[in-house]
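Student: I'd like to learn how to read a protein model. Could you walk me through one?

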Amino acid sequence: MATQIPALGTCLSRMTTSEPAADTIKVLTMHASQGLEFPVVALVGAGRMPAEGEDEREEAKLFYVGATRAPQRLIIGLSGSGPFADRFAA
């Protein structure tokens, strides 16, 4: 069964109104997601983590924060050849 996603303009207007339970797509950084929960979370770019010059332990903590926002379904995009992608592929 496919779920219809409202138009972007509708999503944006709902996000700025007082409808916190509205069916919308919210785009957040992993930093901003701390303390929040969403039924479905997609972490894109995880295969490129850690970013060049970033501490791997700190990036792992950040990944954990993002991944634990999803009580029902977590989607992880692993394209790339970073250390995280190597660990997930093993």
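Tutor: Let's go from the overall layout to single residues. This is a predicted model, where local features need pLDDT of at least 70, side-chain atom pairs count only at pLDDT 80 or more, and totals for chains, interfaces and linings use all residues. Residues are numbered from 1 along each chain as its sequence is written, and side-chain values use heavy atoms, with hydrogens and water left out.

Student: How many helices and strands does the protein have, and what pattern do they follow?

Tutor: Helices (H or I, at least four residues) and strands (E, at least two) are DSSP runs, numbered from the N terminus. Here you'll find 3 helices and 2 strands, and along the sequence they follow the pattern α-β-α-β-α.

Student: What share of the residues is buried?

Tutor: A residue is buried under 20% relative accessible area, exposed over 50%, and partly exposed in between (1.4 Å probe, protein chains only). Of the 90 residues in this protein, 23% are buried. As for the surface, accessible areas come from the Shrake-Rupley method with a 1.4 Å probe, and for residues only the protein chains shown count as cover. The accessible surface comes to about 6900 Å², with 56% of that belonging to carbon and sulfur atoms.

Student: And what about contacts in the protein: what percentage links residues 24 or more positions apart?

Tutor: Contact means heavy atoms within 4.5 Å. Take the contacts with a separation of 6 or more: residues 24 or more positions apart account for 67% of them.

Student: Which residues of helix 2 are buried, and what covers them?

Tutor: The buried ones are Glu59, Leu62, Phe63, Val65, Gly66 and Ala67. Their cover includes strand 1 (40–43), strand 2 (73–76) and helix 3 (83–89).

Student: Now for charges. How many salt bridges does the structure hold?

Tutor: Side chains of opposite charge can pair when their charged atoms come close. For a salt bridge, a side-chain nitrogen of Lys or Arg must be within 4 Å of a carboxyl oxygen of Asp or Glu. This structure holds 2 salt bridges. In one of them, arginine 87 pairs with glutamate 56, with the closest N and O atoms 2.2 Å apart. Arginine 87 is in helix 3 and glutamate 56 in helix 2, so the pair ties together parts that are 31 residues apart in sequence. Arginine 87 is exposed, at 56% relative accessible area, while glutamate 56 is partly exposed at 28%.

Student: Which side chain of opposite charge is nearest to glutamate 59?

Tutor: Lys and Arg count as positive and Asp and Glu as negative, while His and the chain ends are not counted. For glutamate 59 the nearest opposite charge is arginine 87, 11 Å away, and this buried glutamate has no salt bridge. Leaving aside neighbours within four places in sequence, glutamate 59 is in contact with Met49, Pro50, Ala51, Glu54 and Phe84.

Student: Where does arginine 69 lie, and what does its side chain make a polar contact with?

Tutor: Look in the loop between helix 2 and strand 2. Arginine 69 is buried without a salt bridge, and glutamate 37, the nearest side chain of opposite charge, is 6.1 Å away. A polar contact is a pair of N or O atoms within 3.5 Å; within protein, one must be able to donate a hydrogen and the other to accept it, and residues adjacent in sequence count only if both atoms are side-chain atoms. The side chain of arginine 69 makes one with the side chain of threonine 68, at 2.8 Å.

Student: Which peptide bond is cis?

Tutor: That's the bond from methionine 49 to proline 50, with omega near -5 degrees. Proline 50 sits in the loop between strand 1 and helix 2.
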